[in-house]
Amino acid sequence: MSHCRKRCKRQLTKVFRLFYRFLTGTLEKDSVEDDFELSTVCHRPEGLDKLQEQTKFTKKELQVLYRGFKNECPCGVVNEETFKTIYSQFFPQGDSGAYAHFLFEAFDTNKNGSVSFEDFVFGLSIILRGTINDRLNWAFNLYDQNKDGCITKEEMMDIMKSIYDMMGKYTYPCMHEEAPREHVESFFQKMDRNNDGVVTIDEFIETCQKDENIMQSMQLFDNVI
Amino acid sequence: MAAGVAAWLPFARAAAIGWMPVATRPMPVPPREKKKSQDQGLLVLNVSGQKFQTWSNTLERYPDTLLGSTERDFFFHEETNEYFFDRDPDIFRHILNFYRTGKLHYPRQECIAAYDEELSFFGIIPEIIGDCCYEEYKDRRRENQERLQDDEDDEKEDVAPLNMTFREYMWRAFENPHTSTTALVLYYVTGFFIAISVMANVVETVPCGTLPNRAKEISCGDRYALAFFCLDTACVMIFTVEYLLRLIAAPSRYNFMKSVMSIIDVVAIMPYYIGLVMTDNDQVSGAFVTLRVFRVFRIFKFSRHSAGLRILGYTLKSCASELGFLLFSLTMAIIIFATVMFYAEKGSTSSKFTSIPAAFWYTIVTMTTLGYGDMVPKTIVGKIFGSICSLSGVLVIALPVPVIVSNFSRIYHQSQRAEKRRAQKKTRIAKIRASKSRGTNAYMHYKQYNGHFLTHSSLEEACKEAGQLLVGKPNIPFESHHHHLLHCLEKTTNHEFIDEQTFETNCMEVTMVNKSGSRTSSMSGSSSPHGLSSCCSRRHRRKSFSLPNSNNQELSTIQIRERPIVNSRSSLNAKPDFETVPLKSGHSYVTSSVVTLPPAASSLLTSSDNGGSSSSTCNYSQSNIVRVSAL
């Protein structure tokens, strides 16, 4: 009973407060100071030497990477929002949010919701300085959202749609609704050897190694930095 | 575009690894790497003797400014191996900080004109100024411009533009009476007649003595009816002539007729004409009398003569919500007290409080502390509540009035500032979007240049002679890598980036062609000959296709040249990646569609000799309908 009364009282005070605000003319809440929680979480990466041992970058490259990283994220870690913002600046015409989300998941190896400089550099080291197999593994990891070792059609569909979303609306030829689905179908036709509806890591690597185009494009990453 | 995050370009390029396994076509070749030694150097910027040092990467974050582009090479001083700028070092500090932090600040002690000059020298648009300093910057700029404008206006008013038409001259005379003596005379004459007319309206109701054979006093208007009628006629004639002249002289008659002043003019002279039309008709005389009331609107014509009236009208308009709120709260209080007084006085005999609405009058008179005394409460309860009413009236009225007064000034200034900020925001966003689209346009230009780069050397030379495309080549490594990245995305998805206008035209064509194609497989489509016509010529016919340099001559020559190639199936198959070069930007979209045709469709090419229609590579299923891009 008292619980009911308390609720009643609370509602009543709320109504009176609303009435009061209506009378006084301030129908909008006074702008409460937004708690700008400046993320006091500041993360310092490990020493330059240690990172150099763990990755395949030279000292200079690490310096350049860190300066760029720190400039955009002064607190030392990048969360998903910032990640998406940065990535979207490269693709002004389309919506790169979905693909950036997948990338973020792939970079954030310890699943703590933020990408530190070490995660960032480890990921880049695999992509830019790893062997072709490493790169293919990383790409597979990107596609495999639930990390169960196989890519289903739904997962691939998500990825494909996110890639097509980056193109935006103004494309030539006009973007079809079915274009991603068709692409996924052709991808599965190529990759899924035993036709079990999923692509496992071995099928993936095997097919990619046999495909000239893919092999060649994987080598594009050698000279990025 | 992507200015502040140039350092993340390697990451963006690495992220493209996700596209590689799904792409069905080979990726384009990455741009050549320039020698790396430049990238990691410290640059020395000597600005009038004060030396600044920064990484070259920092400056290259914003490639469309002077320091970030190759334009700074013009300032390179070889003897000292530094970049020398003969500019103000104090302001340069802020500009360099912009590169470092991405935020441009405006120092308050600097002169706005000097700052603007520096910004324009270094190629930075002021819209980038951070929010912390933007308002200050805009205020100072506005003051400066107003000062310049006032100077200009003073000059302009003395100097009349030489060849004005008579209409423009009249309009100018009406709007600025100080420009010429005729205008001034007109101004004063109309003012005088407005005053006369208003006074006549007032005086004609004054009782003017009695007629010899009547006891009742009659008003002056009835006594000297003819004189007043003549005066009224004269005034109305003058007003009519003035209104018609203004209407003729107005640059935009529709806008003039919509304006408040013209409505006031019309309302002021209409009653007279309506009165002329319907005279001596008893039924409408009541309405006629009402119309005479509108003659008082003539007094509003004075607002053309007085700036203060205009400002008052504007402030009332902008404070309307506050006034409305005051009215609402008053109404609430009135209703409450009227109800209470009515029920309190219900018991007393011969009470004037016959109903609640009747009590409204008492409440209003009491709350505004007027106290006419025509209605007074007689019971004790009534008197108690009456006194509460008058006390609360003082509070209810007295409190909001200063608030309203201060609201006047606050809202006035605030609405001005809000308007400014909104307008600023719109232009800021528009400019930022323009620079973004400049970036995408840069990519379009890059594409056509790149396509051009891959083809016949003869065309390349022709283009070099034309000299237009060389300017567009991105020498900056960031730009070229970024364009390569976008190109990879295009190849992955088998679609291309185009701009909005091209997109709309293409989509319209595709729907037209789909319509015609669905009817019959034979290309001699019946009712819509346009369905068959080539893509290019359709574009050529439709004016809406706005290419930057589209040239009809160009279209036809390209068409003729390419036709032999189209006819031979083998040649098409032989060059799957053949991007024939357009000399102008639009055709790159047309030609590349050849590439995206699946080989299956090419088998039907030979049957499509008659011009072909626009390609729609989206429908791979419609393979029995030939789609050939208009080459």
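What follows is a walk through a two-chain model, from the overall makeup down to single residues.

This is a predicted model, where local features need pLDDT of at least 70 and side-chain atom pairs count only at pLDDT 80 or more, while totals for chains, interfaces and linings use all residues. Residues are numbered from 1 along each chain as its sequence is written, chains are lettered from A and ligands numbered from 1 in the order in which they are written, and side-chain values use heavy atoms, with hydrogens and water left out.

Let's start with chain A. Its secondary structure amounts to eleven helices and five strands, where helices (H or I, at least four residues) and strands (E, at least two) are DSSP runs numbered from the N terminus. Of its 225 residues, 40% are buried; buried means under 20% relative accessible area, exposed means over 50%, and partly exposed is in between (1.4 Å probe, protein chains only). Chain A exposes about 12,900 Å², with 53% of that from carbon and sulfur atoms; accessible areas come from the Shrake-Rupley method with a 1.4 Å probe, and for residues only the protein chains shown count as cover.

Chain B has 25 helices and seven strands. Here 42% of the 631 residues count as buried, and the accessible surface is about 34,500 Å², of which carbon and sulfur atoms hold 62%. Take the contacts in chain B with a separation of 6 or more: residues 24 or more positions apart account for 62% of them, a contact being heavy atoms within 4.5 Å. In chain A, 58% of the contacts between residues at least 6 apart in sequence join residues at least 24 apart.

Now put the two chains together. At their interface, 63 residues of chain A touch 68 residues of chain B. The area buried between them is about 5,600 Å², and carbon and sulfur atoms give 71% of it; buried area is the accessible area (1.4 Å probe) that two parts lose on being put together, summed over both. A:Phe90, A:Tyr170 and A:Tyr172 supply 16% of what chain A buries against chain B, more than any other three residues. As for salt bridges between chain A and chain B, the count is zero.

That term needs its rule: a salt bridge is a side-chain nitrogen of Lys or Arg within 4 Å of a carboxyl oxygen of Asp or Glu. Over all chains, the count comes to 24. One of them joins B:Lys51 to B:Glu82, with the closest N and O atoms 3.7 Å apart. Since B:Lys51 sits in strand β2 of chain B and B:Glu82 in strand β4 (residues 82–85) of chain B, the pair ties together parts 31 residues apart in sequence. B:Lys51 is exposed at 54% relative accessibility, while B:Glu82 is buried at 6%.

B:Asp232 and B:Arg298 meet in another salt bridge, at 3.2 Å from N to O. B:Asp232 belongs to helix α9 of chain B and B:Arg298 to the loop between α12 (282–293) and α13 (307–318) of chain B, so this pair ties together parts 66 residues apart in sequence. Both B:Asp232 and B:Arg298 are buried. There is also a salt-bridge network, which links B:Glu175, B:Glu242, B:Arg246, B:Asp265 and B:Lys301.

Back to strand β2 of chain B. Strand β1 (residues 42–47) of chain B runs antiparallel to β2 (residues 50–55) of chain B, and six bridges join them; two strands pair if DSSP finds at least two bridges between them. B:Val44 stands opposite B:Gln53 in β2(B). The hairpin has two residues between the strands, and B:Ser48 takes a positive phi near 50 degrees there.

Helix α11(B) gives the largest share, five residues. B:Tyr273 lies in that helix, α11 of chain B, and is partly exposed at 31% relative accessibility.

Finally, a backbone detail in chain A: A:Lys111 has a positive phi of about 55 degrees, though it is not a glycine. A:Lys111 is found in the loop between α5 (97–107) and β2 (114–116) of chain A.
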